[in-house]
Amino acid sequence: MTHLFTKTAISLVTTTTLALAIAITTNNLAHAAEFKFNWKGDTGYLAQGSFNYDPTTAPSVISETGLGATKNLQSLSISFFDPLNHLINSFTPVLSGVSNYSYLRFNFDRTKEQIFGPFDVGKDNDLAGDTWLNNNLALIDEDASDEVVAKEFGLYNRNIATTKQILDLSNNSVQISKVPEGSIMIGLLAVCSLGFTTQRNLDKATQE
């Protein structure tokens, strides 16, 4: 009787967990479009990130600026690497539809699937380790920067003394790639497979 009760409880928990995973993933598939982006500097520094938004409500051009609730972005993250591919730092300027980066500039053309215009993503709170990537020339054009540089994009950070320094410059644009919805489904199938495997193992254990 005890084994039967345990087996039933395990089955219920496993089934519920899988149902929740399916529901959450299905909801994400229906209400989110996700993209990855990357940028490489002339000396080999690299920025990689991702962002997502609700395609059912977002306009053809997504534009975000500064702190507070975003208009359309649900999340935006970025990581920075040195020329030897060592991680410098990672930040999430936008989380759950709220920007925590004062200097955020982000413009995305959904039709062309391109990032354009003023761009400033990362973290800069005047603290050591802060790192950010921005489109110098576009920011200068809108009087949002006083940089004197010859390259379009610049990667910056603050050293241990919190002094701003240039890590890399380049005319390379930020490249975009859409995350296939199928990859999310593969992840779901993996979760389901793990769940069923766990249930079989626990069922076997309760029978011994």
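Select leucine 46 and phenylalanine 81: leucine 46 stands opposite phenylalanine 81 in strand 5. The model is predicted, with local features needing pLDDT of at least 70, side-chain atom pairs pLDDT 80 or more, and totals for chains, interfaces and linings using all residues. Numbering runs from 1 along each chain as its sequence is written, and side-chain values use heavy atoms, without hydrogens and water.

Now show strand 2 (residues 46–53) with strand 5 (residues 73–81); the two run antiparallel, joined by eight bridges. Strands are DSSP runs of E, at least two residues, numbered from the N terminus; two strands pair if DSSP finds at least two bridges between them. In strand 2, seven of the eight residues are buried (under 20% relative accessible area, 1.4 Å probe, protein chains only).

Lysine 36 stands opposite serine 50 in strand 2. Five residues lie between the strands of this hairpin, where glycine 44 has a positive phi near 105°.

Next, colour the aromatic rings: the structure holds 14 aromatic pairs (Phe, Tyr or six-membered Trp ring centres within 6.5 Å; planes under 30 degrees apart are stacked, over 60 edge-to-face, the rest tilted). Tyrosine 53 and phenylalanine 108 form a tilted pair, 6.2 Å centre to centre with 50° between the planes. This pair links strand 2 to strand 8 (residues 105–109), 55 residues apart. Tyrosine 53 counts as buried because its relative accessibility is 3%; phenylalanine 108 is buried at 0%.

Finally, select one aromatic cluster whose members include Phe35, Trp39, Tyr53, Phe108 and Phe153.

Key
Buried < 20%, exposed > 50% of the residue type's maximum accessible area, 1.4 Å probe, protein only. Helix = DSSP H or I, 4+ residues; strand = E, 2+ residues; numbered from the N terminus.
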